[in-house]
Amino acid sequence: MLDPATIVATPATGRACGACTLCCKVYDVPAVESVAGQWCRHTRTGKGCGIHATRPDHCRNFHCLWMTESWLGPEWKPDRAKMVLTLDPVTRFMNVQVDPGQPNGWKREPYYGQLRRWAAASLPLKRHVLVHVNKITTVVLPDRDVLLGTFADGDRLVARERMTPSGLTADVEKVGLSA
């Protein structure tokens, strides 16, 4: 398993976090005892990280997709979208970490329509769009959303693609290692 602290992403030209700190709320960061769904105690509203110079590698190396991909428009900046986008380095699944203060924010336009289009484009590549609100995961498919709930260690996503009159879709489920 890859350690997120070892993956270094490079910001795109002209991109900066600025006052955006949503990643400081939506992820567990054990090195600073930060729990997903609650603001990290080091976050300074409108200013960024209070321990920026000494922050752990996990934080230092992290950049969301908005920071690294210039093709994402300003509407996708996390403090505006109320969600943080990343790509899993192994599966290439798109992970959408939603601000739990706005748990249905991902269903607003233009976001929801784009997530569905990304889901349709990703399916032939056996990749998926996963929306996480705290620990609850929903898979966005081209034709519907599937609530899978909480993933425990050893759980994995299983998908079976199928063709429908409106195009490719999949049946997805969460499966444990013992299953």
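**Close-up views: cores and salt bridges**

**View 1. The largest nonpolar core has 30 residues.** Trp76, Val96, Trp106 and Leu115 make the most contacts inside it. The model is predicted: local features need pLDDT of at least 70, side-chain atom pairs count only at pLDDT 80 or more, and totals for chains, interfaces and linings use all residues. Residues are numbered from 1 along each chain as its sequence is written, and side-chain values use heavy atoms, without hydrogens and water. A nonpolar core joins buried Ala, Val, Leu, Ile, Met, Phe, Trp, Tyr and Cys residues through side-chain atoms within 4.5 Å. Buried means under 20% relative accessible area, exposed over 50%, partly exposed in between (1.4 Å probe, protein chains only).

**View 2. Trp106 and its contacts (heavy atoms within 4.5 Å).** Beyond neighbours within four places in sequence, Trp106 touches Met83, Val98, Tyr111, Tyr112, Leu115, Val131, Val133, Thr138, Val140 and Asp145. Another core, of ten residues, lies apart from the largest one. Phe93, Leu130, Val139 and Leu141 are among its members.

**View 3. Lys135 and Asp28 form a salt bridge (2.3 Å, N to O).** A salt bridge places a side-chain nitrogen of Lys or Arg within 4 Å of a carboxyl oxygen of Asp or Glu. Lys135 is partly exposed at 44% relative accessibility, and Asp28 is partly exposed at 33%.

**View 4. Glu161 and Lys126 meet in a salt bridge (3.3 Å, N to O).** Glu161 is partly exposed at 30% relative accessibility, whereas Lys126 is exposed at 54%.

**View 5. Salt bridges link Asp143, Arg144, Arg162 and Asp171 in a network.** Arg144 pairs with Asp143 (2.9 Å, N to O). The whole structure holds seven salt bridges.
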